[in-house]
Amino acid sequence: RLAVFDASGRSRGVFSPAAQENSKAIPEPCAVVVDGKSRLFVLDEMRREIEVSTTTGSHIAFLRPSIPESPNAAIQDLAIGASGRIYLLCAGERSGITVLEPNGAHRSSIGFQAEGDLAFAGPMALAVDESETKIAVINPQADRAIRIVSMDGAMLASFGTHGAGDGTLS
């Protein structure tokens with residue numbers, strides 16, 4: 001079940017994607033995001049697909065992304081850029097970010113071939129800035145840090161370390 005709220009925090013209803021026409025149960029929902037067109041994207045970790053629906057639960061489409069650099073990677077998180085592009089955070093033997101066009105077609109990949117300090121290890125979450133020039137990734141297993149990378153995978157910043165105080169990740 002998904003609960004929908006407006007920007008002021010008022011509930012706009014609860015729905016189950018499986019109960020809607022043309023939809024099927026999402027066995028392992030692990031991330032959800034709403035784009036600028038009020039479309040709801042629910043990531044199903046088990047089936048490695050994204051259900052797109054309206055915020056009232058009407059099914060629009062299923063996206064089944066191709067991740068050529070790491071076909072068995074688990075999709076951990078997703079974000080939607082202002083352009084409508086879909087950013088998928090993938091974790092596995094090789095981890096990275098897959099960028100899809102709004103229609104689900106593969107656009108590019110970031111970080112799958114990185115080595116050493118630039119490699120993602122156990123990434124958990126991502127966010128894309130409004131201009132779609134920077135991506136923030138929580139990368140806890142490698143260095144307990146939040147990394148800011150450019151669209152070509154270059155490290156722009158890294159902050160946070162393992163610990164219990166302000167600015168640390170435990």
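Predicted model: local features only at pLDDT ≥ 70, side-chain atom pairs only at ≥ 80, totals over all residues.
R64 forms a salt bridge with E49, and the closest N and O atoms of the two side chains are 2.9 Å apart. Since E49 lies in strand β5 (residues 49-54) while R64 sits in the loop between β6 (59-63) and β7, the pair ties together parts that are 15 residues apart in sequence. E49 itself counts as buried, because its relative accessibility is 4%.

R47 is partly exposed, because its relative accessible area is 29%. Together, D44, R47, E49 and R64 are linked in a network of salt bridges. In general, side chains of opposite charge can pair when their charged atoms come close.

The structure holds 6 salt bridges. One of them joins D35 to R39, with the closest N and O atoms 2.5 Å apart. Of these two residues, D35 counts as buried because its relative accessibility is 8%, whereas R39, at 22% relative accessibility, counts as partly exposed.

The side chain of D77 does, however, reach the backbone nitrogen of L126, at 3.0 Å. Leaving aside residues up to four places away in sequence, D77 touches A31, L43, Y87, L88, L89, M124, A125 and L126.

## The sheet that contains D77

D77 is found in strand β7, which spans residues 74-80. This strand belongs to an open sheet of 4 strands, arranged in the order β7-β8-β9-β10 with antiparallel pairing. Because β7 and β10 (106-110) stand at the edges and each has a single partner strand, one side of each is left without a neighbour in the sheet. From one strand to the next, the twist averages 25 degrees.

Between β7 and strand β8 (residues 86-91), which run antiparallel, there are 6 bridges. Within this pairing, A79 has Y87 of β8 as its bridge partner, and Y87 is also among the residues that D77 touches. As a general point, strands of a sheet pair through backbone hydrogen bonds, either parallel or antiparallel.

## A second open sheet

Another open sheet of 4 strands has the order β11-β12-β13-β14, and its pairing is antiparallel. Here β11 (125-128) and β14 (155-159) stand at the edges, each with a single partner strand, so one side of each is left without a neighbour in the sheet. The twist in this sheet averages 20 degrees from one strand to the next.

How many bridges join strand β12 to strand β13? There are 6 bridges between β12 (residues 134-139) and β13 (residues 145-150), and the two strands run antiparallel. In this pairing, V137 has R147 of β13 as its bridge partner.

Terms used:
Residues numbered from 1 in each chain as written. Heavy atoms only, no water. Polar contact = N/O pair within 3.5 Å; in protein donor to acceptor, adjacent residues only side chain to side chain. Contact = heavy atoms within 4.5 Å. Pairing = 2+ DSSP bridges. Axes fitted to C-alpha atoms, helices over the stretch in contact; angles between N-to-C directions. Salt bridge = Lys/Arg side-chain N within 4 Å of Asp/Glu carboxyl O. Buried < 20%, exposed > 50% of the residue type's maximum accessible area, 1.4 Å probe, protein only.
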